Amino acid sequence: MRYLQCGHCARHSALKSGYITFCDHCGKKFPLTFAAWQAHHPQGSFEEFAEETGISEEARQAAERKSQHWIFTIRQKAALITGIVVLVACSTLGAWYGPGLVKMFSKPTVPAAMLETGNWRTFRGNVLRLQTPLSLSPADRKDMPNLRFKAFTGGGRAEGLEITMEEAIFLSHSQVDLEPSARKAADVLARQKGVSQFSYSEKRVQLNGAPAMWQQGSYVQDHSAPMEFSSLVVVKGGISVQVLVIHPGNDSTGRRVAEEVLKSAQMN
Ligand SMILES: [Zn+2]
């Protein structure tokens with residue numbers, strides 16, 4: 001048996017008789033039929049037509065194998081390319097949105113590694129210096145008439161802990177009082193966006209012989225996240241300084257870090 005190749009789908013159909021006109025596979029007409037060939041070969045038999053235009057069984061099998069192999073490699077390549085595209089897309093999305101997703105789905109906690117005070121660094125403000133597990137960098141604060149702010153902050157909700165040192169410099173006062181300064185500092189936190197159920201207690205402490213106020217309290221952020229804070233307020237001349245540590249509520253590591261940070265505070 002010999003086989004005729006289709007001009008459309010390139011597959012082979014058996015030349016079973018002289019009446020074969022259409023491809024077995026796609027149904028399209030063959031480029032050359034026996035009848036058309038016979039017009040040019042009036043003496044030609046079907047066997048001669050088959051010999052001249054068709055291919056042998058072995059040649060057909062080899063051709064089919066080759067085309068299947070070719071299709072297979074195309075599929076393999078397509079799968080490989082799809083795999084690479086998906087991988088690149090996933091890692092790109094992961095890089096862009098990963099940290100955000102982690103923040104969204106995990107309840108932040110203060111990592112125990114933050115308690116390794118040997119790794120802490122010294123941060124020195126204008127009035128106070130302290131030991132901190134996070135590096136503090138300048139933060140923007142809006143000045144008010146006769147009042148200049150200098151703020152430094154480190155960490156945030158993603159880190160589980162936020163440490164802020166804020167200095168309020170009263171330009172028209174050579175001396176400010178501790179109690180109103182401490183109350184004002186707590187007030188600023190209570191009025192932050194999304195803060196509710198704010199409560200705190202405070203006690204007077206001594207810091208290198210200077211009076212200071214130690215505040216501890218809690219609030220709910222955005223109606224969903226219970227938070228706690230520890231704050232130390234000290235005044236020197238016309239400057240009021242607050243060291244504020246905020247961490248998730250009921251986080252014992254956060255409480256211990258906050259306590260260590262405030263205990264490390266020293267007047268310059
Ligand atoms: Zn065909």
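Analyst: What follows goes through the sheet strand by strand and then turns to the helices.

This is a predicted model, in which local features need pLDDT of at least 70 and side-chain atom pairs count only at pLDDT 80 or more, while totals for chains, interfaces and linings use all residues. Residues are numbered from 1 along each chain as its sequence is written.

The domain assignment of the protein chain gives domain 1 (3-83) and domain 2 (112-267), with bounds that come from an automatic or database domain assignment.

The sheet is open and has 7 strands in the order β5-β6-β7-β11-β10-β9-β8, with antiparallel pairing. Strands (E, at least two residues) and helices (H or I, at least four) are DSSP runs numbered from the N terminus, and two strands pair if DSSP finds at least two bridges between them. Because β5 (137-139) and β8 (195-207) stand at the edges with a single partner strand each, one side of each is left without a neighbour in the sheet. On average, neighbouring strands of this sheet are turned by 20 degrees against each other, direction ignored; axes here are lines fitted to C-alpha atoms, for helices over the stretch in contact, and angles run from 0 to 180 degrees between N-to-C directions.

Within the sheet, β6 (residues 147-156) pairs with β7 (residues 161-170) over 10 bridges in the antiparallel sense. These two strands form a hairpin with 4 residues between them, and in its turn G160 has a positive phi of about 90 degrees. On its other pairing, β7 is joined by 8 bridges to the antiparallel strand β11 (residues 239-248). T164 of β7 stands opposite T153 and also opposite L244 in β11, while M165 stands opposite V243 in β11.

Helix α4 (residues 178-190) lies across β8, β9 (210-221), β10 (225-236) and β11, running at about 150 degrees to β10; residues are in contact if their C-beta atoms, placed from the backbone, lie within 7 Å. In α4, S181, A182, A185, A186 and L189 are buried, meaning that 20 or more other C-beta atoms lie within 10 Å of a residue's own, whereas 12 or fewer make it exposed and counts in between partly exposed. Seen down the axis of α4, these buried residues fall within an arc of 135 degrees, so they line one face of the helix; the arc is that of the directions from the helix axis to the C-beta atoms. The cover over them includes β8, β9, β10 and β11, while the face turned away carries the exposed residues P180 and D187.

Helix α5 (residues 252-263) lies across β7, β9, β10 and β11, running at about 160 degrees to β11.

Terms used:
Contact = placed C-beta atoms within 7 Å.
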